[in-house]
Amino acid sequence: QVQLVESGGGLVQTGDSLKLSCATSGFSFSSTVMGWFRQGLGKEREFVAVMRLGGSFLYLADYADSVKGRFTISRNNVKTTLYLQMNDLKAEDTAVYFCAAARSGSRVRGITENEYTYWGKGTQVTVSS
């Protein structure tokens, strides 16, 4: 059974940092494209970051322009956990953050929702100004 469980959200102030985690199980994590999305109140879910498979066991990261330079995606294949380090948080980063897993072994780019098969339930991040 595939499980993705996000944690680490909370209420912070502008300029603060948070690190989100996504604990996973039930699939081959190391060979899976993993991503973070977010959905603000009244907004559509949007891409935040992806860590996709490169060659020779390397991973490539990609980010939405709105978070580039502030957020860092990473993964621990031993712990089968995905992370999102968020620095210099802004009010517009307020959203529910979701992690997502593509079909294991697929070589998707991972920047659109329909490329992902499994989703977590999300963790709320609120940034007060």
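Below is a chat about a predicted model and what its computed geometry shows.

Colleague: Before we start, what are the ground rules here?

Modeller: The model is predicted, so local features need pLDDT of at least 70 and side-chain atom pairs count only at pLDDT 80 or more, while totals for chains, interfaces and linings use all residues. Residues are numbered from 1 along each chain as its sequence is written, and side-chain values use heavy atoms, with hydrogens and water left out.

Colleague: Okay, sheets. In what order do the four strands of the open sheet run?

Modeller: The order is S1-S3-S8-S7, with antiparallel pairing. Strands are DSSP runs of E, at least two residues, numbered from the N terminus, and two of them pair if DSSP finds at least two bridges between them.

Colleague: Which strands stand at the edges?

Modeller: S1 (3-7) and S7 (71-76); each has a single partner strand, so one side of each is left without a neighbour in the sheet. On average, neighbouring strands of this sheet are turned by 15° against each other, direction ignored; the axes behind that are lines fitted to C-alpha atoms, and angles run from 0 to 180 degrees between N-to-C directions.

Colleague: Switching topic: how many disulfides does the structure hold?

Modeller: One. Cysteine 22 and cysteine 99 form it, with their sulfur atoms 1.9 Å apart; the cut-off is a pair of cysteine sulfur atoms within 2.5 Å. Cysteine 22 is in S3 and cysteine 99 in S9 (residues 95-101), so the pair ties together parts that are 77 residues apart in sequence.

Colleague: Are those two cysteines buried or exposed?

Modeller: Both cysteine 22 and cysteine 99 are buried. Buried means under 20% relative accessible area, exposed over 50%, and partly exposed in between, using a 1.4 Å probe and protein chains only.

Colleague: And the largest nonpolar core, which residues touch the most other members?

Modeller: Trp36, Leu84, Met86 and Tyr97, out of 35 residues. A core here is a set of buried Ala, Val, Leu, Ile, Met, Phe, Trp, Tyr and Cys residues joined through side-chain atoms within 4.5 Å. The largest share, six residues, comes from S5.

Colleague: What is leucine 84 in contact with?

Modeller: Leaving aside neighbours within four places in sequence, its contacts include Leu20, Trp36, Val48, Phe71, Ile73 and Tyr97. Contact means heavy atoms within 4.5 Å.

Colleague: How many aromatic pairs does a search of the whole structure find?

Modeller: Six. Rings of Phe, Tyr and Trp (its six-membered ring) pair if their centres lie within 6.5 Å; planes under 30 degrees apart count as stacked, over 60 as edge-to-face and the rest as tilted. Phenylalanine 37 and tyrosine 116 are edge-to-face, because their ring centres are 5.3 Å apart and their planes at 80°.

Colleague: What else does phenylalanine 37 pair with?

Modeller: Tryptophan 119, also edge-to-face, at 5.1 Å centre to centre and 65° between the planes. Ring pairs link Phe37, Phe47, Tyr116 and Trp119 into a cluster. Phenylalanine 37 is buried at 1% relative accessibility, whereas tryptophan 119 is partly exposed at 25%.

Colleague: Last one: what is the phi of threonine 80?

Modeller: It is near 50°, a positive value in a residue other than glycine. Threonine 80 is in the loop between S7 and S8 (81-86). Aspartate 88 also has a positive phi, about 50°, and is found in the loop between S8 and S9.
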